[in-house]
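These are my notebook entries on one structure.

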Amino acid sequence: MKMGFTMGLNLLLLLAMVATNILSLYHLSSNIQQPNNLNPSSNPTQNQVPDYLIHQLQTIRATINHLTRHHNHHPEQQHSKPTSMPSDLILYSQLSPIASSCHNNPELLFTYMNYTPFTLCPLGSDDVVEALILRGCHPLPRRRCFSKTPQKPSSSSLPHNPFPAKLLDEVVMWKKYSSCKSFDCLSKLNPNMGFDMNNEVSNFLSYKSELDLPVPQLLQIAKAANSVIRLGLDIGGGTGTFAARMKLHNITVLTTTLNVVAPYTEAVALRGLVPLHVPLQQRFPIFDGVVDIVRCGRAINRWIPSATLEFLLFDVDRVLRSGGYLWLDHFFSKSVDLDKVFAPLIGKLGYRKVKWATASKTDSSGLKNGEVYLTALLQKPIPK
């Protein structure tokens with residue numbers, strides 16, 4: 001049935017094109033047979049195409065366009081899946097962050113786009129943006145409303161040191177956060193959130209267990225391998241402490257982060273670092289093969305679907321140069337899943353294992369679920 005319908009459309013298209021050519025030849029031959037056409041200036045009206053012929057040509061062209069559109073967008077063909085397409089490719093197309101998941105969240109999209117043009121964007125709009133991004137929908141920016149920003153602090157109050165004594169509260173719009181209205185409050189609420197600079201200044205310096213990889217040791221490993229580290233990407237980097245530590249070594253690191261619960265993005269920027277406001281499932285806005293190191297922080301863990309994690313790892317491979325490093329820092333999962341799912345997934349990259357250390361996760365969640373930590377430093381192979 002489907003094959004017969006397709007053959008019928010193709011036959012109609014062929015007949016329409018043949019008819020167009022016949023009419024065109026007829027018009028050309030009739031003009032050639034008229035001697036006055038040798039002298040165009042003698043009678044200009046004879047060079048004009050007759051109205052009835054133009055009408056016939058327009059009708060045929062319209063028919064061809066209609067049949068072509070119908071042929072290309074026929075419902076049976078549009079919803080059919082080629083049997084030769086890998087199932088992984090179909091799955092990845094559903095994970096694409098560009099508009100693919102937006103249609104599944106119409107209410108959030110309506111809220112996001114419901115504003116008065118040429119006025120301030122509505123309050124709480126950042127929360128809607130975060131909700132859409134976390135669902136895999138990265139909407140286009142609003143075109144005709146003005147984002148509200150806090151007052152600009154004096155240039156002297158902005159720190160140049162990536163480990164300042166404290167972060168400035170006045171550069172954050174605290175109204176959208178219910179739990180705290182200052183960085184001090186966040187630090188007291190949970191010192192491990194990354195807002196307490198007194199704690200952050202010692203991170204990535206000490207070696208407490210096999211899971212740790214201090215920055216000096218990392219740089220020594222790279223130096224011993226004749227590898228240069230200049231540019232980096234920190235995925236799920238929180239308040240940007242890894243980027244801050246690397247900045248002290250004249251190494252530029254971009255930090256991906258989201259304002260989930262707290263102003264992580266503002267904290268990164270306050271430290272003189274560059275935050276990338278992107279979710280884990282989005283293609284990194286970085287060109288191919290230009291980054292020397294990619295670190296995956298604790299936001300990368302077993303809660304990420306394996307298909308999304310595979311997409312992320314292969315996009316890491318895309319941005320890493322040959323000989324560059326992938327650092328999985330305290331990746332946690334169930335012990336059985338690490339052996340059967342995640343280790344084979346990481347192994348697909350074919351990277352050289354510079355460091356591979358595991359240890360039991362001893363908090364309540366880790367003990368309950370039989371979880372382990374993995375810290376791995378992997379080097380992308382250099383093509384021969």
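Salt bridges. I counted a salt bridge wherever a side-chain nitrogen of Lys or Arg lies within 4 Å of a carboxyl oxygen of Asp or Glu. The model is a predicted one, in which local features need pLDDT of at least 70 and side-chain atom pairs count only at pLDDT 80 or more, while totals for chains, interfaces and linings use all residues. Residues are numbered from 1 along each chain as its sequence is written, and side-chain values use heavy atoms, with hydrogens and water left out.

My search of the whole structure returned 14 salt bridges. I then looked up individual pairs. Glutamate 310 and lysine 348 meet through their side chains at 3.0 Å, N to O. Glutamate 310 sits in helix α12 and lysine 348 in the loop between α13 and β8 (352-360), 38 residues apart; helices (H or I, at least four residues) and strands (E, at least two) are DSSP runs numbered from the N terminus. Glutamate 310 is buried, at 12% relative accessible area. For accessibility I used under 20% relative accessible area as buried, over 50% as exposed and partly exposed in between, with a 1.4 Å probe and protein chains only.

Lysine 380 pairs with aspartate 317, their closest N and O atoms being 3.8 Å apart. Lysine 380 lies in the segment after β9 and aspartate 317 in helix α12, so this bridge ties together parts that are 63 residues apart in sequence. Lysine 380 is buried at 15%, whereas aspartate 317 is partly exposed at 22%.

Aspartate 363 and lysine 361 form a salt bridge at 2.8 Å, N to O. Here lysine 361 is buried at 7% and aspartate 363 partly exposed at 35%. I also noted one network, in which bridges with shared partners join Arg283, Asp288, Asp315 and Arg318.

Nonpolar cores. I took a core as a set of buried Ala, Val, Leu, Ile, Met, Phe, Trp, Tyr and Cys residues joined through side-chain atoms within 4.5 Å. The largest has 30 residues, and Ile235, Val294 and Leu326 have the most contacts inside it. Elements giving two or more residues to this core include β3 (231-235), β6 (291-296) and α12 (306-319). The largest share, five residues, comes from α12. A second, separate core has 19 residues, among them Val215, Ala244, Trp327 and Leu377.
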